Amino acid sequence: MQRVTLVVVATMLAVQPAFAQTAGAPGPAAAVPPHHAVPAAAPVAAQPSQTKPAAVASVAEARSAAALALSHEPTYDQGSAQRIRDVVKSYSDLAARGGWPTIAADAKFALGVQGASDDQLRKRLIITGDLAADKTTGAYDEVVAEAVKHFQARHGLAATGTVTPRTLAALNVPVQKRIKQLEASLERLDQMDFQFGPRYVVVNIPATFAEAVEDDKVVRRYRVIVGKTEKPSPTLTSEITDVILNPTWTVPSSITKTEIAAHMRKDPTYLSRMHMDVLDAHDNPIDPHSVDWSADHAPNVTVRQQSGAWNALGAVKIDMPNSYSVYMHDTNQRSLFSDDYRFDSHGCSRVDNVRDLAAWLLKDQPQWTRAAIDAAIASGQRQDIRMLKKVPVAWIYLTAWMTKDRIIQFRNDVYDQDQQLLEATAEEAAFFNKAAEHPLTTQ
């Protein structure tokens with residue numbers, strides 16, 4: 001890879017969110033104004049925060065409002081790929097200059113207390129522009145704590161200013177691995193064929209956040225719950241076509257044959273308690289007790305959950321035709337949105353404050369205001385709303401990116417896909433390079 005020095009024009013946001021927490025033990029989310037984070041030969045000075053970090057919001061509206069207030073720059077826009085290329089060049093130059101130091105695993109940091117690793121931490125933060133270049137020595141003080149908050153926010157960690165074990169682990173990720181994250185993210189974007197519109201929706205799976213973008217600015221931002229590591233959410237592009245209020249839930253056959261069957265073997269009243277109907281091949285209801293739910297038999301039936309407070313999809317489903325049969329929806333377990341580790345679905349994306357997103361999607365249909373949506377849901381009747389203007393949607397898998405304000409973000413590769421992608425890409429390149437050495441000839 002060609003190593004060039006990227007000359008960085010420093011810019012500073014007043015605020016910037018910790019888009020999501022990394023995998024691991026959950027901690028409270030906090031928002032801080034992180035520093036410009038593109039590494040340069042002489043990083044610019046970090047400015048102290050002028051505002052206190054926002055308190056953790058306890059309700060959906062407050063959580064989404066707090067997230068939106070912090071930054072209006074999209075995670076994914078038409079310039080994303082080029083910006084990642086710029087960062088790859090910058091980080092490659094940084095690697096050529098030796099990268100950043102590794103901080104001792106047993107290092108301890110306390111405000112106002114001189115520690116053996118304090119200067120090493122300062123050097124680490126200076127190299128990536130989280131701390132001013134002239135703050136090279138001294139005890140762990142408020143300035144360094146603020147720089148740690150900047151770093152934590154860029155890596156999706158709770159911005160506490162305390163060097164927690166997860167923060168120390170993130171600080172010690174070598175620059176070469178960060179470059180690989182950037183390269184994998186770039187490879188994914190290069191493979192995407194997304195038609196940006198004046199309005200579009202993006203779900204970045206590793207960050208567990210969704211953004212509603214309008215005129216190149218984020219106008220809505222929501223926490224989401226995405227697929228478990230064993231049932232990952234797919235990357236895709238589609239269009240949002242329908243908003244369904246009080247939806248029923250047709251249980252995927254894979255869940256019926258495993259989880260539903262297991263529940264029925266333990267508790268024959270499970271389906272009735274969960275307000276679920278069993279249907280035959282012609283969509284006719286049948287007695288669930290007539291079905292063989294034994295472990296060695298795969299029931300050839302459809303299970304459908306009725307609308308209501310018990311429904312797994314909650315009160316709203318956002319439909320987006322795709323080959324994976326996934327969609328965005330509400331949930332009847334809204335407390336999960338308060339968790340920082342939000343990889344807990346079967347592949348679909350549960351959206352915090354989803355009624356607000358529904359109102360934004362339907363803004364071109366003035367009869368469907370937020371109040372009208374709430375009233376329709378309160379009626380308990382299913383309502384299928386066809387969108388007059390479809391909205392493009394992309395589910396992306398970026399563990400590294402840079403927004404237009406030149407803030408570099410990193411997240412954990414929760415699905416362990418970065419290395420797999422790079423290895424597959426390298427094998428493909430090797431194959432074609434080998435083939436080029438032995439071109440086919442015709443007689």
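Biologist: Is Tyr415 buried or exposed, and how do I tell?

Modeller: Look at relative accessible area: under 20% is buried, over 50% exposed, and partly exposed in between, using a 1.4 Å probe and protein chains only. Tyr415 has 8% relative accessibility, so Tyr415 counts as buried. Phe343 is buried too, with a relative accessible area of 4%. Bear in mind that this is a predicted model, where local features need pLDDT of at least 70, side-chain atom pairs count only at pLDDT 80 or more, and totals for chains, interfaces and linings use all residues. Residues are numbered from 1 along each chain as its sequence is written, and side-chain values use heavy atoms, with hydrogens and water left out.

Biologist: How many aromatic pairs does a search of the whole structure find?

Modeller: The general idea is that rings of Phe, Tyr and Trp (its six-membered ring) pair if their centres lie within 6.5 Å; planes under 30 degrees apart are stacked, over 60 edge-to-face, and the rest tilted. Here the search turns up 11 pairs. In one of them, the ring centres of Phe343 and Tyr415 are 6.2 Å apart with planes at 75 degrees, so that pair is edge-to-face. This pair links distant parts of the chain, 72 residues apart: Phe343 sits in strand E11 (residues 343-345), and Tyr415 in the loop between strand E15 (408-410) and helix H11 (418-437). Those labels are DSSP runs numbered from the N terminus, with helices (H or I) of at least four residues and strands (E) of at least two. There's also an aromatic cluster, formed by Tyr76, Phe194, Phe196 and Tyr200.

Biologist: Which ring does Arg199 lie over?

Modeller: A charge sits over a ring if NZ of Lys or CZ of Arg is within 6 Å of the ring centre and within 35 degrees of the ring normal. Arg199 lies over the face of Trp360, 4.5 Å from the ring centre. Lys317 does likewise with Tyr327, at 4.3 Å from the ring centre.

Biologist: And which residues touch the most other members of the largest nonpolar core?

Modeller: In soluble globular proteins, nonpolar side chains tend to be buried together. A nonpolar core here is a set of buried Ala, Val, Leu, Ile, Met, Phe, Trp, Tyr and Cys residues joined through side-chain atoms within 4.5 Å. The largest one has 56 residues, and Ile260, Trp293, Met328 and Leu361 touch the most other members. Helix H9 (residues 354-361) gives the most to this core, with six residues. A second, separate core of 30 residues includes Ile127, Ala207, Ile396 and Phe410.

Biologist: What does the side chain of Asn311 have polar atoms close to?

Modeller: Polar contacts are N or O pairs within 3.5 Å; within protein, one atom must be able to donate a hydrogen and the other to accept it, and residues adjacent in sequence count only if both atoms are side-chain atoms. A polar atom of the Asn311 side chain lies 3.3 Å from the backbone oxygen of Pro247, and one lies 2.7 Å from the backbone nitrogen of Leu313. Asn311 is placed in the loop between strand E8 (302-305) and strand E9 (316-319), and is buried at 0% relative accessible area. Contacts (heavy atoms within 4.5 Å) of Asn311, leaving out residues up to four places away in sequence, include Thr248, Trp249 and Asn332.
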